[in-house]
Amino acid sequence: MCGIVGYLGPSQNSVQIVLEGLKRLEYRGYDSAGVSFIDEHNQMQNFKKAGKLENLKSELVGKNLVARTCIGHTRWATHGGVTDNNAHPHSNDILSIIHNGIIENAHDLKSQLEKEGVVFKSETDSESFLELVTFELRKGMPIAQAISQSFKKIHGNSSFVVLYPKTGEIYAIKRGAPLVAGINDVTSEALVSSDPYALAGMVHKLYFPEDEVLLHLSAGNHHLINFYELDLTKTKRYLSKKQDLSVQVSEKGEFEHFMLKEIHEQPELIRGLTQYYFGGEGYESLTRVAKLKPMRILVSACGTAAYAGMVAKDFFEGLNRIPTIVELASEFRYRNPIIQANDLGLFVSQSGETADTLAAQAMCKKAGIQTVSIVNVEGSTLFRDCDENLLIRAGVEIGVASTKAFTQQVLTARLLAAALSGKLDDADYRVKLAGKFSLLAERIDQLLANIDNIKNIAESIYHKKGFFYTGRGVYFPIALEGALKLKEIAYVHAEGYAAGELKHGPIALIDEDIVNIAIIAPDLYEKTISNVQENKARKGIIVGIGQLGDKEGTRLSDYYIGVDFKGLDELAPLYINVVNQLLAYYMAKFKGTDIDKPRNLAKSVTVE
Ligand code: F6R
C-alpha cells in the first residue's frame, strides 16, 4: 500500500534521501508520489504528481532542494482518483501530512470541519486528518497535543507522518498500520518509514512503535526520537533492534525482473532454511512452538500465503493428525469462528503487515489462544504481535507476485510438522528430512537450468482466452496458486480447480481456446488422467505437468512438462509450483506486462 518516508537531520540532501527511500518502496505498488520539505529559508515546499516517481523527479528538476527535513509518500489510491491533487503530502500553510491506511469516518469528520468553514482541496480521506490537526492548532493547542487529540478522533487503521514547519520537526503515529523509525547516531539523523527496507543502510537502529505511540523526531532532542503515549507522557512501548538489512538485495543483477531473480533464489534459500532450522537459531523456536501441543490448528492468511496454509494443513493433518482449519483472514475476522482452548492460531504472511491477517491474529489473541506466525519480515507487526514466530528467511521479496516466500512458508510449515511430531530430536529423521529439502533445491536448480520447454509452451499459449489450473489433493492449492500468479502478472483470466470438480460446472467453459494446465501427479494418477481426458474430449488445450517419461500423460497433452517427482514425496508440490511460477512469468513476458509491478496491485495490503 502507500509508502512513507520522513527524514530529519543535518544533511541538506533530505529530499534526495527521501526520494531514495521512496524508490526502494516502489516495489510495493503505487500510483502517485510527492514530497514536502522545509527549504533553506524555512519555507515549506510541496510537490506531488500522479504516476511514477520519475514524474515527481522531473517536476523537481531545477528546483532548489536544499533542505534538512523532508517527508515523502507513494500513494495507492483508496479514496479519490489518481490525480496530482489527491496525491500526498496534503498540506496547508501550517502543516503537511502523509498517510497510509483508511480513515473510516472521514466523511463525518469532513462534514463537521466544513461546517467550521474548512474547504477541502482533495477527495481523499487523508485530508480530514490534516484539517483536524490544523483546527486544533488554530485554537492554540500545542502540536503534539493537536496530533494526539486528532488521532483519537479517527476510526480505522492508519499511520501518519506530520511535518511541522514552525519547528522543523516531524511527528508520526500509527494504529494497525506499519510504521518504523530509525536513527543514525553517528550522523544524528532520524528517519521514519512504513517499511524498514526503505531505511536499510541509512540507520543503525530501528524502532517499531506499538499502536497509538506518538513519535517525535527532532534535531534538538537528546535522543533524536522521543516516544509518547496519547496523553503525552513518555513511553517505552516500542521494540528496538539493530538494523541489519543490506541494500544490495534491491538489485536485479543479471535478471530482467525481480520476479525472475526471486524464482532463481529459491534453491539457495531452501538450503539456508535447512541450516537455520536444523543447525542454527531456528531450532529453538520450532521446539518452543511444538511444546504448545495444540489440539487443533487455525490457519489464517491471505492470497498466496493462504495457499501455503492449505499445503500446511496437509502436513498437520497427514503427518500429525492434528485437525487444521485454513481460512482466508478476511473471512475469519468477520465470522464468529469457533476458537477453543488448546487451539493454536497460525498466521502465514510474507510482509507481516497484511491488515486482515493482523485482525485475525488479534481475534485469536483476544480469545486467549497462543498465536504463532510463519513470517518473512522480522520486526513486522505480525512478528511483534504473535507469541512465537517462525521466520521463513526469504530475504526481501520485491516482485509484487510472491514466489520465494510461498516456498519458504510451506517448508517452514513442514519443519513445524516435524517438530510437532516430536521427531526433530531424532538424528536419523533430521538427516532424512534435510536430505529431502536438499533434493528439492537440487531439482529446482535443474529445472531452472532447463527452462526452454516451459518458455516455448508459454509462447504458444499466452494469447489464449482462459486457463484452468487443475490438481488433486495437495496439488489443489498449487493449482490455485498457479492461477493466481498468472492472473496477477499476465492479466488473463485463470482459475485453480480441484481436478475432479470441473465436471460440476466449469467444464461448460472448455473449448479450443481454453487451456487446462493439468498437474498429473503420481498420487491419484488414474483419476487425474480421467479428468484430463474429459477436458481433452471438449477440445481444451492440455498442458500436462507430470512424471518425466509418462507415456499416457504425454499422449494426452498438447504440451507436456516432464518433471521428476521421485524422492520428493510431500515436498513435490513445491517443485511443481516453480514450474507454474515460470509459466506465469514467461506468459506475462510475452504479453509485455509490468511483471514486477502489476497494475492495481500493492505488495503489502495494509488496508482491509
Ligand atoms: C500474490 C501475493 C498476495 C499475498 C497476500 C498476502 O502473489 O503476493 O496474494 O500473498 O497479499 O500477503 P502477505 O503474505 O504479505 O500477508
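User: How do the residues of the lining of the second largest pocket divide into nonpolar, polar and charged?

Analyst: In this predicted model, the lining of the second largest pocket comprises 11 nonpolar, 10 polar and 5 charged residues. The lining holds 26 residues, and Cys 302, Gly 303, Thr 304, Lys 603 and Val 605 lie nearest the centre of the pocket.

User: Which domains and which helices and strands supply the lining of the second largest pocket?

Analyst: Domain 2 (258-448) and domain 3 (452-591) each give at least three residues to the lining. At least two residues each come from helix H8 (303-318), strand E17 (343-349), helix H10 (355-366) and helix H15 (475-490).

User: What makes a space a cavity, and how many are counted at 30 Å³ or more?

Analyst: A cavity is a set of points where a 1.4 Å probe fits but cannot get out. By this rule there is 1 cavity of 30 Å³ or more. The largest cavity contains about 60 Å³ of space. Among the residues that line this cavity are Cys 2, Arg 75, Trp 76, His 79, His 88 and Asp 125. Its lining divides into 2 nonpolar, 7 polar and 2 charged residues.

User: Why are strand E5 and strand E13 said to stand at the edges of the sheet?

Analyst: The open sheet has 6 strands in the order E5-E6-E7-E8-E12-E13, with antiparallel pairing. Strand E5 (90-91) and strand E13 (225-228) each have a single partner strand, so one side of each lacks a neighbour in the sheet.

User: How do you know that strand E12 pairs with E13?

Analyst: Pairing requires at least two bridges between two strands. Strand E12 (residues 214-217) is joined to E13 by 4 bridges, and the two run antiparallel; therefore they pair under this criterion. In one of these bridges, Leu 217 has Ile 225 of E13 as its partner.

User: Which helices lie across strands of this sheet?

Analyst: Helix H4 (residues 126-138) lies across E5, E6 and E7, at about 135 degrees to E6. Helix H5 (residues 143-153) lies across E7, E8 and E12, at about 20 degrees to E8.

User: What makes the peptide bond from His 88 to Pro 89 and the phi of Asp 569 worth noting?

Analyst: Most residues other than glycine have a negative phi, and most peptide bonds are trans. The bond from His 88 to Pro 89 is cis, with omega near -5 degrees, and Pro 89 lies in the loop between strand E4 (67-75) and E5. Asp 569 has a positive phi, near 50 degrees, and is found in the loop between strand E24 (559-563) and helix H18 (572-591).

Methods
Residues numbered from 1 in each chain as written. Predicted model: local features only at pLDDT ≥ 70, side-chain atom pairs only at ≥ 80, totals over all residues. Heavy atoms only, no water. 1 Å grid on protein atoms, 1.4 Å probe; cavity = no way out; pocket = protein on both sides within 12 Å on 5 of 7 lines; lining within 4 Å. Nonpolar A, V, L, I, M, F, W, Y, C, P; charged D, E, K, R; others polar. Domains from an automatic or database assignment. Points joined across faces, edges and corners; volume = space filled by probe spheres on them. Contact = heavy atoms within 4.5 Å. Axes fitted to C-alpha atoms, helices over the stretch in contact; angles between N-to-C directions.
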